[in-house]
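Subject: A structure to look through

Dear colleague,

I am passing on a structure for you to read alongside this message. Please keep it open while you go through the notes below.

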Amino acid sequence: MSGRLARAGVLREIGRPFSIEEVELLAPAAGRVIVRTHASPFCSTDVKNWKGQLYKIPPTILGHASIGEVVEVGPGAPAALVGRRVVVPGTPECGACYYCSIGEPWQCGELFDLGGIYPDVARGADGALISCAGCVGGYAELMSISANQVFPIDSDLPSDVLSMLGCGVSTGVGSVVNIAGLRPGESVAIVGAGHLGLWMLQAARAFGAGRIFVIEPHAGRRAIAERLGADLVLDGVDGEATVARVQEATGGRGVDIALEAAGPTAAQRLAVRLTRRGGRTVLSGFEIGGADVALPQVETALQSRQILSTQNGHVHMRTDLQRYAGLLERGLLDPKPVYTRSYALDELDLARDRSGSLEDVCGIVVF
């Protein structure tokens with residue numbers, strides 16, 4: 001089937017307002033499905049994409065995580081998916097590439113071997129083909145997605161809340177549990193209290209962290225971190241003073257685990273310095289494509305500090321997403337402090353501006 005029409009927010013020129021227009025979806029190729037979008041968060045990653053800082057090529061549809069209902073399948077895709085509500089995270093899980101075969105699906109070749117050239121999924125009124133940035137394209141009424149990147153979810157929670165599973169929740173919880181390997185009672189520092197850092201804070205508390213320190217320059221976000229149970233919240237403006245305060249509060253050592261969720265390279269350097277000898281640092285942010293991080297040599301080479309990175313929390317989507325939905329259902333994770341407001345597709349530029357200015361922790365485009 002072809003010719004499905006859908007409204008979409010198309011990035012036609014870097015740094016210019018989104019073009020809200022009707023596009024015609026291409027017929028789903030083999031192994032692909034059409035998903036009617038329910039909700040897609042507007043993440044800081046999409047602000048960077050809009051600015052051209054991560055090599056996205058217009059015309060393209062941004063939105064790298066979403067949730068919706070499968071309405072059509074292409075040849076070879078499971079027919080049983082039709083009618084299912086599915087999470088569409090930022091990473092597929094093909095099960096066949098090298099990385100999936102060695103148990104590291106968060107580096108799935110179906111995304112990372114594309115070299116930034118993403119599938120064309122629609123055609124605009126001008127006849128130009130339009131791609132889906134990051135293989136999702138969630139800022140549209142319909143998405144064309146690989147069947148390896150849609151994961152059925154069973155929950156009574158509304159779709160706008162569940163839409164956060166595919167990026168913020170999975171990366172935040174996975175960083176704490178899967179990558180840092182938090183043990184009960186360990187101290188944790190979180191650098192950055194935005195969409196990602198606040199999920200990390202909640203996960204650290206839910207899984208038994210001892211003292212939790214949050215470093216965040218934005219006063220409003222520091223207040224949220226305090227309400228969510230952070231033991232000490234610092235603005236981090238003076239890096240030396242921040243390291244000294246955290247060391248003073250941890251017997252002169254530093255924390256067992258530092259989680260970086262800010263983006264600037266200086267924040268990643270700070271996260272490493274906050275850890276004790278032998279501590280673990282998980283880096284998740286990025287400032288701009290091509291940026292380099294300068295790390296203190298003695299601390300990283302001689303003091304057994306472990307520096308780890310995260311892509312979508314090293315989550316196994318087919319099992320972990322349903323488990324994380326359960327954490328939301330049981331109240332162990334609270335979406336209310338993170339979910340700032342919802343937007344219609346016509347308000348996409350406003351959602352971008354409020355995300356970029358930090359007025360929103362997480363805005364969600366709802367269809």
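Helices (H or I, at least four residues) and strands (E, at least two) are DSSP runs, numbered from the N terminus. This is a predicted model, in which local features need pLDDT of at least 70 and side-chain atom pairs count only at pLDDT 80 or more, while totals for chains, interfaces and linings use all residues. Residues are numbered from 1 along each chain as its sequence is written, and side-chain values use heavy atoms, with hydrogens and water left out.

Let me start with helix 7, which spans residues 219-227. Its residues Arg221, Ile224 and Ala225 are buried, where buried means under 20% relative accessible area, exposed over 50% and partly exposed in between, with a 1.4 Å probe and protein chains only. These three cover an arc of only 100 degrees around the axis, which puts them on the same side of helix 7; the arc is that of the directions from the helix axis to the C-beta atoms. The buried residues of helix 7 pack against helix 6 (195-206), strand 12 (212-215) and strand 13, whereas the face turned away from the buried side carries the exposed residues Glu226 and Arg227. After helix 7 comes glycine 229, with a positive phi near 105 degrees.

Helix 6 also holds glutamine 202, which counts as buried because its relative accessibility is 6%. Apart from its neighbours within four places in sequence, glutamine 202 is in contact with Leu228, Leu332, Leu333, Asp334 and Val338.

Next come the sheets. In general, strands of a sheet pair through backbone hydrogen bonds, either parallel or antiparallel. Two strands are taken to pair if DSSP finds at least two bridges between them. An open sheet is formed by 6 strands in the order 13-12-11-14-15-16, with parallel pairing. Strand 13 (232-234) and strand 16 (306-309) stand at its edges, each with a single partner strand, so one side of each is left without a neighbour in the sheet. Within this sheet, strand 11 (residues 188-191) pairs with strand 14 (residues 255-260) over 4 bridges in the parallel sense, and isoleucine 190 has leucine 259 of strand 14 as its bridge partner.

A barrel is closed by 5 strands in the order 1-2-7-8-4, and here the pairing is mixed. Strand 2 (residues 19-25) and strand 7 (residues 120-123) run antiparallel and are joined by 2 bridges, with leucine 25 opposite alanine 122 in strand 7.

Strand 6 (residues 85-88) has Arg85 and Val87 pointing one way and Val86 and Val88 the other way, and all are buried. Strand 6 pairs with strand 5 (residues 66-73) in the antiparallel sense over 4 bridges, and isoleucine 67 stands opposite valine 87. Strand 6 is also joined by 2 bridges to strand 10 (residues 151-152), again running antiparallel, and there proline 152 is the bridge partner of valine 86.

Finally, consider a helix pair: what do helix 8 and helix 9 bring together where they meet? Gly239, Glu240, Thr242, Val243 and Val246 in helix 8 meet Leu270, Arg273 and Leu274 in helix 9.

Methods:
Contact = heavy atoms within 4.5 Å.
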